[in-house]
Amino acid sequence: MTDEPSPGVQGSPAISEETSSVKARIRNLLGEQPYAVLCTQGEGQPYGSLVAFAATDELASIVFATPKATRKYRLLSECDHVALVIDSRSGQSDDMMQIEAVTATGRAAEVTESADFEHFSQLLIARHAQLKDFVASPTTAVFRVDVVRYFHVTRFQEVREWIPALGSSR
């Protein structure tokens, strides 16, 4: 799967210890934070929307649900390039150097196949039980984001990239 070119991300060459550490920190942050900001685009304008999410065990996909009668759904249907931003600021002090953030970039697709829908909707409901009726509603769409890469930011400026399909970081 292709995505935007990788910017000049600062970091050391990929080594297995660093890769494991970055992946573990991303996994922890995604596990601790229940919400993300979904970044979409349309009509030359960027949009941000708060979503409850769940990630697959291998971190290759992230799932969320949205009503079909929304701008968010329309924008997702028109352009599948998205980013999800997850950060730790709600659990940290006022010290910005302690905040971690992850941006996951990838492609979003509505989950419509019955087996896939069951799998991904159950993944979301397992994490957000309060969404059970919402996810089951015929007016709700479940979306899966196939993550192309993660950008993990610490200390406000230290950026590491991790690509789930390759298991690499730099």
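Mentor: Among contacts between residues at least 6 apart in sequence, 69% join residues at least 24 apart. Keep in mind as we go that this is a predicted model. Of the protein's 170 residues, 41% count as buried. The secondary structure comes to four helices and nine strands, and from the N terminus on the elements run α-β-β-β-β-α-β-β-α-α-β-β-β.

Helix 3 covers residues 114-127, and at 1.5 Å a residue its 14 residues should span 20 Å; the end C-alpha atoms are 20 Å apart, which agrees. Which residues of helix 3 are buried? They are Phe120, Ser121, Leu124 and Ile125. Seen down the axis of helix 3, these buried residues fall within an arc of 140°, so they line one face of the helix. On the face of helix 3 turned away from the buried side you will find the exposed residues Ala115 and Ala126.

What covers that buried side of helix 3? The cover includes strand 2 (45-52), strand 3 (54-55), strand 4 (61-67), helix 4 (132-136) and strand 7 (140-154). Ser121 sits in helix 3 and has a relative accessible area of 3%, so it is buried, the cut-off being under 20%. Leaving aside residues up to four places away in sequence, Ser121 touches Val135 and Val142.

Although Arg71 and Thr40 are 31 residues apart along the chain, their C-alpha atoms are separated by 10.0 Å.

Strand 1 deserves a stop of its own, and Ala36 is a handy guide to it. At 1% relative accessibility, Ala36 counts as buried. Ala36 and Ile86 are 50 residues apart along the chain, and yet 4.8 Å separates their C-alpha atoms. Not counting residues up to four places away in sequence, Ala36 touches Ser49, Leu50, Val51, Phe53, Leu84, Val85 and Ile86.

Several of those names come back when we turn to the largest pocket. Rolling a probe the size of a water molecule over the atoms shows where empty space is left. In this model the largest pocket holds about 160 Å³ of space. Its lining is made up of Gln33, Tyr35, Ala36, Val37, Leu50, Val85, Ile86, Asp87, Arg89 and Ser90. Strand 1 (35-42) and strand 5 (81-87) each supply at least two residues of that lining.

Finally, have a look at the backbone in two loops. As a general rule, most residues other than glycine have a negative phi, and most peptide bonds are trans. Glu43 is not a glycine, although it has a positive phi of about 55°. You will find Glu43 in the loop between strand 1 and strand 2, where at 66% relative accessibility it counts as exposed. Leu59, likewise not a glycine, has a positive phi of about 65°. Leu59 is placed in the loop between strand 3 and strand 4, but with a relative accessible area of 2% it is buried.

To come back to your helix: the buried residues of helix 3 line one face, and the exposed residues Ala115 and Ala126 sit on the face turned away from them.

Methods:
Residues are numbered from 1 along each chain as its sequence is written. This is a predicted model: local features need pLDDT of at least 70, side-chain atom pairs count only at pLDDT 80 or more; totals for chains, interfaces and linings use all residues. Side-chain values use heavy atoms; hydrogens and water are left out. The expected span of a helix is 1.5 Å times one less than its number of residues. Buried means under 20% relative accessible area, exposed over 50%, partly exposed in between (1.4 Å probe, protein chains only). The arc is that of the directions from the helix axis to the C-beta atoms. Contact means heavy atoms within 4.5 Å. On a 1 Å grid over the protein atoms alone, a cavity is a set of points where a 1.4 Å probe fits but cannot get out, and a pocket is an open set with protein on both sides within 12 Å along at least five of seven lines; lining residues have an atom within 4 Å of a point. Grid points are joined across faces, edges and corners, and a volume is the space filled by probe spheres set on the points.
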